[in-house]
Amino acid sequence: MLKIAHTLEGLRDVAANSERVGENDENVERGNWSSKADYLLSIIGYAVGLGNVCRFPFLAYRNGGGVGITMVLSSIFATISYSCILAYSLYYLFVSFQSPLPWADCFSWWGADETCSRTPKGPLCNLTLDDGYFEIVNTTWLQKNNETCPNGSKISISHQGPSEQYWDKVVLQRSSSMDETGDIVWYLALCLLLVRLTVGAALSKGIKSSGKVVYFTATFPYVALTILLIRGVTLEGASNGIEFYIGSQSDFSKLADAEVWKDAATQIFFSIAVSMGGLTALSSYNKFHNNCYTDTFIVCVANCATSVFAGFVIFSVLGHMGHVQDKPVSEVAQSGIGLAFVVYPEALAQLPWAPLWSILFFFMLLTLGLDSQFANFETIITGLLDQFPKFLRSKRLSLTTAVCVIFYFLSLLLVTQAGIYWINLIDHFCIGWVLIVSALLEQMGLSWIYGKCNKKSIKIK
């Protein structure tokens, strides 16, 4: 009976392995990519993400144009925060199916208050009259009566554009600080659940399933970026934005500033995620004689070229926005989340057929982020499978389901009313010198510790 039980268990393992190992796979235990295209699209999709659209263009303008546990931990933090940004994108995608867009104006139905206005409100002046009384007047009155506001008498009026207030009051329901966690924003929690289900379905059979999904998610963003670029450069004032981005108004003297090089290194390490394990995890499924040098060159070129290309897309529209509002581009440009969910949506709301462009933009953000999520999850799952192969390798689907469920509950904190503060905290401490230092430590550990200690046991084929 014991022998029969072992036989049945072995048959179950074989059946489970057959779903993720093909007939032509060289590695019969872990499996290999079905084709080279699957692999290349997966790593390009992993490297090219939201950072190429949200971080790089602003960093370029601001600066003048110019292993192991660590990897898994980095991927964990990235997966938690990244999925919430995808939930934001999914929410904006859903609400874009209406005209006018909800953030196009200060609509009372979503709770816009008296500080909301499409145009900034000028300061008031506490003016002392001849009879000694005080009167609060606006700038129009001062100009009409040829008066000037004395120093220290200006009263600033708080102002929020409709896009910014919609982001704070409706999407985030932002609390006053991180200490006030507040409630879970239920529609963001549902969007987060949909993101987790999508990632789990794509990774249900490992690289055999995700390698097919990326044929769409890795290529569609380029189609969307091209369409948005064509629309952007045809707008009035687009040239002003491009000049600010990488044109004659760029200050190349900043190349002598160490901060510029730090930002550049951080962006590359963040975008390609050198120390986060995704590239290593995906590449580990290649055949032994795969040319990794060519792959490295392709990924780096594709990543950097996409960043530059996305910059033209973003700043052509911001140039038009500055032209319409009669502001310099420097006053409308923001970085990161503010660029993706406040500034650019506001610019899109001013275009004809605004819902169409909004749907295209946020669907592009969603597909950009999903590729990176596939790789981050695969890093965690591959690490667990390789650490406990006898116990987990035949239970790939159950492990993927469990990881998705666990990460969903871990991410719920980030969709509370104080969630945006946690996202900014993770972004600040997990992106920057941390990535660079962890990459150096991983390199030293692999080369000087693991390599030296295992030199005699390593077999070179």
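**Contacts, helix packing and backbone of the chain**

Asp-183 is in contact with Val-415, Thr-416 and Gln-417, when neighbours within four places in sequence are left aside. Contact here means heavy atoms within 4.5 Å. The model is a predicted one, in which local features need pLDDT of at least 70 and side-chain atom pairs count only at pLDDT 80 or more, while totals for chains, interfaces and linings use all residues. Residues are numbered from 1 along each chain as its sequence is written, and side-chain values use heavy atoms, with hydrogens and water left out.

Asp-183 sits in the loop between α7 (162–171) and α8 (186–202). Helices (H or I, at least four residues) and strands (E, at least two) are DSSP runs, numbered from the N terminus. The sequence separates Asp-183 from Gly-419 by 236 residues, yet their C-alpha atoms are 9.9 Å apart in space. Is Asp-183 buried or exposed? Its relative accessibility is 57%, so Asp-183 counts as exposed. The classes are buried (under 20% relative accessible area), exposed (over 50%) and partly exposed (in between), with a 1.4 Å probe and protein chains only.

The chain as a whole comes next. It holds 20 helices and three strands. It has 461 residues, and 49% of them count as buried. Its accessible surface is about 23,300 Å². Carbon and sulfur atoms account for 64% of that surface. These areas come from the Shrake-Rupley method with a 1.4 Å probe, and for residues only the protein chains shown count as cover.

Two packed helices are described by the angle between their axes and the distance between the axes. Axes are lines fitted to C-alpha atoms, for helices over the stretch in contact, and angles run from 0 to 180 degrees between N-to-C directions. Angles under 35 degrees count as roughly parallel, over 145 as roughly antiparallel, 65 to 115 as roughly perpendicular and the rest as oblique. The crossing of α9 past α16 is left-handed. A crossing is left-handed if the near helix is turned anticlockwise from the far one by less than a right angle, and right-handed if clockwise.

Which residues of α9 and α16 make this contact? From α9 come Ile-207, Val-213, Val-214, Phe-216 and Thr-217. From α16 come Phe-363, Thr-367, Asp-371, Phe-374 and Glu-378. By class, the contact has six nonpolar, two polar and two charged residues. Ala, Val, Leu, Ile, Met, Phe, Trp, Tyr, Cys and Pro count as nonpolar, Asp, Glu, Lys and Arg as charged, and the others, Gly among them, as polar.

Several residues of α9 are buried, among them Ile-207, Val-214 and Thr-217. Lys-208 is also buried. The cover over the buried residues of α9 includes α2 (36–47), α8, α10 (220–233) and α16.

The second pair is α16 and α18 (residues 396–411). Here the angle is about 130 degrees and the axes are 11 Å apart. That makes α16 oblique to α18. Their crossing is right-handed. The α16 side of the contact is made by Phe-377, Glu-378, Ile-380, Ile-381, Leu-384 and Leu-385. The α18 side is made by Arg-396, Leu-399, Thr-400, Val-403, Cys-404 and Phe-407. Nine of these residues are nonpolar, one is polar and two are charged.

Ser-372 also belongs to α16. Its relative accessible area is 5%, so Ser-372 is buried. Neighbours within four places aside, Ser-372 contacts Gly-45, Tyr-46, Val-48, Gly-49 and Tyr-82.

Ile-436 lies in helix α20 (residues 433–453). With a relative accessible area of 11%, Ile-436 is buried. Ile-436 touches Ala-265, Thr-266 and Phe-269, not counting residues up to four places away in sequence. Ala-273 is 163 residues from Ile-436 along the chain, and the C-alpha atoms of the two are separated by 9.9 Å.

Most residues other than glycine have a negative phi, and most peptide bonds are trans. The peptide bond from Ser-99 to Pro-100 is cis, with omega near 0 degrees. Pro-100 is in the loop between α5 (69–95) and β1 (124–128). Gln-173 has a positive phi, near 50 degrees. Gln-173 lies in the loop between α7 and α8. At a relative accessible area of 30%, Gln-173 is partly exposed. Trp-353 also has a positive phi, near 55 degrees. Its place is the loop between α15 (337–349) and α16. Trp-353 counts as exposed, at 69% relative accessibility.
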